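Please keep the sequence and the 3D view at hand while reading.

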Amino acid sequence: MTLAIFDLDGTLLSGDSDYAWGQFLVEKKLVDTQAYKEANDRFFQQYQAGTLDIHEYLAFSLAPLTQFTPSELTQLHQSFMAEKVVPMMQEKANALIQDHKKQGHFLLMITATNQFVTGPIATALGMDHIIAPIPEVINGQYTGNIVGVPSFQEGKVTRLNDWLKETGYSMAGSYFYSDSRNDLPLLELVDHPIAVDADDVLSKIAKERGWPHLSLRG
């Protein structure tokens with residue numbers, strides 16, 4: 001079965017769910033609003049510049065999860081989906097997903113945004129599977145740590161290769177859609193790399209290499 005692989009933030013969504021979750025926490029006054037906003041903005045700028053330390057960022061972004069019970073987090077995420085994520089969903093992205101689904105392709109999301117934030121989004125978008133940084137849970141409570149390799153930059157390739165070994169799926173004929181320079185390692189691995197509303201660095205590389213460049217906006 002052919003793999004249709006999708007990045008999430010800035011690709012299928014018109015914005016960034018990780019950054020939006022931080023904004024949501026600030027707006028609800030569930031964190032130290034000024035300090036958290038400043039850090040969230042700084043990490044987002046580092047991500048866009050391709051200089052993000054993923055372990056430092058995950059320590060920051062997962063810390064608030066330790067302050068709530070699972071039921072509280074479920075309720076918060078439902079509000080987050082309605083207020084922040086649904087407005088970022090795109091009709092053209094949904095049409096693209098449905099096109100691959102009609103072709104019988106396996107829909108795989110690979111994202112650097114942790115699975116607490118992105119798991120429900122992947123389900124809402126109709127993905128068959130998601131690979132994302134996995135927050136550690138002990139005795140039903142988030143610890144603020146992650147399990148295994150974060151799926152960021154080269155880590156996306158590492159996690160994908162592990163998943164391929166576990167499942168027996170092949171990369172033959174594979175597609176990958178992304179907006180970000182951070183995803184070059186995986187774009188270079190698939191048979192059909194496709195830039196989507198790409199940043200300046202990825203736009204330039206896509207043009208040089210003759211990769212398609214789509215827009216899902218509007």
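In this predicted model, ring pairs join W21, F24, F80, F116 and Y142 into a cluster. The structure holds 15 aromatic pairs, and two of them are set side by side in the table below.

| Pair | Centre to centre | Angle between planes | Arrangement |
|---|---|---|---|
| F43 and F60 | 5.1 Å | 40° | tilted |
| F116 and Y142 | 5.8 Å | 75° | edge-to-face |

Because F43 belongs to helix α3 and F60 to helix α4 (residues 54–62), their pair ties together parts that are 17 residues apart in sequence. F43 has a relative accessible area of 4% and is therefore buried, the cut-off being under 20%, and F60 is likewise buried, with a relative accessible area of 15%. The charged end of R42 sits over the ring of F43, at 5.2 Å from the centre of that ring.

Which residues are the closest to the centre of the largest pocket? Among the 16 residues that line this pocket, they are G10, F44, Y47, Q48 and D179, and the space inside amounts to about 240 Å³. Helices α1 (8–12) and α3 (33–49) each supply at least two residues of the lining, with α3 giving the most, namely three residues. Sorted by class, the lining has seven charged, six polar and three nonpolar residues.

Key: Residues numbered from 1 in each chain as written. Predicted model: local features only at pLDDT ≥ 70, side-chain atom pairs only at ≥ 80, totals over all residues. Heavy atoms only, no water. 1 Å grid on protein atoms, 1.4 Å probe; cavity = no way out; pocket = protein on both sides within 12 Å on 5 of 7 lines; lining within 4 Å. Points joined across faces, edges and corners; volume = space filled by probe spheres on them. Helix = DSSP H or I, 4+ residues; strand = E, 2+ residues; numbered from the N terminus. Nonpolar A, V, L, I, M, F, W, Y, C, P; charged D, E, K, R; others polar. Phe/Tyr/Trp six-rings, centres within 6.5 Å; stacked < 30°, edge-to-face > 60°. Buried < 20%, exposed > 50% of the residue type's maximum accessible area, 1.4 Å probe, protein only. Lys NZ or Arg CZ within 6 Å of the ring centre and 35° of its normal.
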